[in-house]
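Visitor: I am new to this model. Please pick a single part and take me through it closely.

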Amino acid sequence: MKGVPRGGAGLARAVLATARASALEALQQPAAILIGLSVCSLVALQPLLQLHSFGESGRLVRDCALAAMLLGGAALCALCSAAPMAAALAGGGAATALARPAPRAVLPVGHWLGSVCAAALFVWCVAWQSLLAGRTAEAYVQTAHFAGDIRDALCGAVSALLPAFSLGLAAWRNIRRGTRIGTAFFVIMAVLAPLAAALLGFWERDGSWLGFAFWDPGLDWRIVAPSLAIWLLLCAFCAGGAAFATRLPAAAAASASFLPFVLGFFADGLASSEHLAVRALAPLLPSVRDFWLAEALANGGSVSSSALPLAALHAAAWSAMALAVGTLALRRRDL
Amino acid sequence: MKIPLFAENLRKTYRDFWGRPRTEAVRGISLAVRPGEVVGLLGPNGSGKSTTIKMVLGLLRPDGGKVELFGLPPSEPAARRHVGYLPELPDQHRFLTPRETLAYHAGLMGLPSSGADARAEALLDRVGLARAAFDKPLSECSKGMARRAGLAAALLGDPQLVVLDEPTSGLDPVGRHEVKELICELSRDGKAVLLSSHLLSEVQDVCTRVAIMVAGLVRAEGNLSGLLERRDAVRFTVSGLPPEKEADCRAALGVASGGLDVAVDHPAATLEEYFLEVLRAAREEGGAEGGAAAVADGGGAR
């Protein structure tokens, strides 16, 4: 009998195959395109629409962009990850996969990995839009000819048009070549946004040409660390979603995905409780405070060097716990 | 080599949210599929065919009995290494193309990605999928195309046991013929095939053995020729007999046939007739109004 290879490499291939299919499925959902398009557009339009700066150039734009990234990412993970996995379990897609010589753990782990990749692409796109929005936001500029607050209109226009242009290009490729529109949109956006940021470095904030010798992107790179922290929170969120999807129907799984996230807001309160039993509950929740690093950027501050590793550790612990629970739940489930 | 599929006294009761028994789907089924055999699993809707198939594949946990795939329990991934499965409604990733679907299944089987394209193309050609559909998302494929892609996925990795649940569902007559040819080819290659179908003629054409399930029990099982043979009657077949001699022949039972070859055999009913007879008998015995048997007690059916 001809053998089918197994072992560590075989298992890794099974997880990666599931992850790839799940990521494609997540990005291809109409909801994913809608969320990606609206969050990227919202972040780009903020500096053009907001009239307040709250005493610090670009702070409101930055905070709003990160908040949109967090909420949009959570919605993306719930609607496009947990729900399809629950649907696959209910509809027979999972049965087809698990009739293969793959352990049941492959399904939640592969699905989680796929969702994490989809979330990474989303966060990458929104983070670049946030960087461009930060540059667009009204800031005090002093040159030989001018001193005062100005918005970078050119950067604002480019970043506002980018999502629509990316979707248009994705649609064109879909019509001409049959490329998947959702994946194409995110990939085009992910490529064009940094390219636009790099090209805009040849222009001054007031729109004047700097010249090839004076390239300055003028981006506030401090936003990268909070964006990474949000992605880590989304990783934990996806793990929770995958765990719930092993037992709940699609709509319930998508809704339940938000439960640990909402409880995470109370983790700090639980941690400071007088009762030991209540305090013990706190580490079991993904405390949102550990992942929300936007506050550290206020007044020119930066994220401490320990914040990201701690957030990564927290996300890894939560994800591992949620996936272990999900795998155990799936092992006992009839498909 | 170990027998590809062996099931003994399998039982399964579906329960409600509170754990109360609702439907006794399978009530003690024994089944074996050997290399080169095509075993047809027949039965009305709800008779327990899909439940049996899922238990065999380790997707459902039986409440009792024993299943072995190549001598191993199906819950072990190693037992499913040489099994190909085509479900009745393959709810596959609809954004993947048939080629990508095969790559996905190859990944699940741990097959290396080298040569994946050639392997996928060969299989998709074998199941008769048009080349233009190879790179079309399944969501844009017709039901028949998606069925062929699912069949190709089931044949990935050269499985020794192929489990097919309604393999020709959604296929046109040509497609059905091709799939029947493919099943016969698998049998000739020494593969064991377990086939579940509502199309009796299809089963009659390809199966070497059938098991007819009603209300979670195998009511009849055996070789097709044996099952369809009617022992309560004898048929005489006379070749080349002129019509005017027919009455004489009948009267003299072949002696008056004028020395022509007289073949005597047992007249066969069609599989459909036999199936309905088994079903009617089961219903007369009681407890099998539909395909499924209701649980008599236990507070389940509310």
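Guide: Two residues are in contact if their C-beta atoms, placed from the backbone, lie within 7 Å. The model is predicted: local features need pLDDT of at least 70 and side-chain atom pairs count only at pLDDT 80 or more, while totals for chains, interfaces and linings use all residues. Residues are numbered from 1 along each chain as its sequence is written, and chains are lettered from A and ligands numbered from 1 in the order in which they are written.

Start where the chains touch. Chain B gives 31 residues to the contact, and chain A gives 31 residues. On the chain B side, β5 (83–86) and α2 (98–108) each supply at least two residues. Helices and strands here are DSSP runs, numbered from the N terminus (helices: H or I, at least four residues; strands: E, at least two). The largest share of this side comes from α2(B), with four residues. By type, the side of chain B that touches chain A has 17 nonpolar, eight polar and six charged residues. Nonpolar covers Ala, Val, Leu, Ile, Met, Phe, Trp, Tyr, Cys and Pro; charged covers Asp, Glu, Lys and Arg; the others, Gly among them, are polar.

Now follow β5(B) into its sheet. The sheet is open and has six strands, in the order β5-β6-β7-β3-β8-β9 of chain B, with mixed pairing. Two strands pair if DSSP finds at least two bridges between them. At the edges lie β5 and β9 (217–223) of chain B, each pairing on one side only. On average, neighbouring strands are turned by 15° against each other, direction ignored. Angles run from 0 to 180 degrees between N-to-C directions, and axes are lines fitted to C-alpha atoms, for helices over the stretch in contact.

β5(B) pairs with β6(B), residues 161–165, in the parallel sense over four bridges. There, Gly84(B) faces Val162(B) across the pair.

Further along the order comes β3(B), residues 38–42. Its partner β7(B), residues 192–196, pairs in the parallel sense over four bridges. Val38(B) is opposite Val193(B) in that pair. β8(B), residues 209–214, also pairs with β3(B), in the parallel sense over four bridges. Here Val39(B) stands opposite Arg209(B).

How covered is β3(B)? Mostly: five of its five residues are buried. Buried means that 20 or more other C-beta atoms lie within 10 Å of a residue's own; 12 or fewer makes it exposed, in between partly exposed, with C-beta atoms placed from the backbone. In a regular strand the side chains alternate between the two faces of the sheet. In β3(B), Val38(B), Gly40(B) and Leu42(B) point one way. Val39(B) and Leu41(B) point the other way, and all are buried.

Helices lie over the sheet too. α4(B), residues 143–154, lies across β5 and β6 of chain B and runs at about 165° to β5(B).

A last glance goes to the partner chain. Chain A has 14 helices and two strands. Of its 335 residues, 50% are buried. Its C-alpha trace spans about 80 × 65 × 35 Å along its principal axes.
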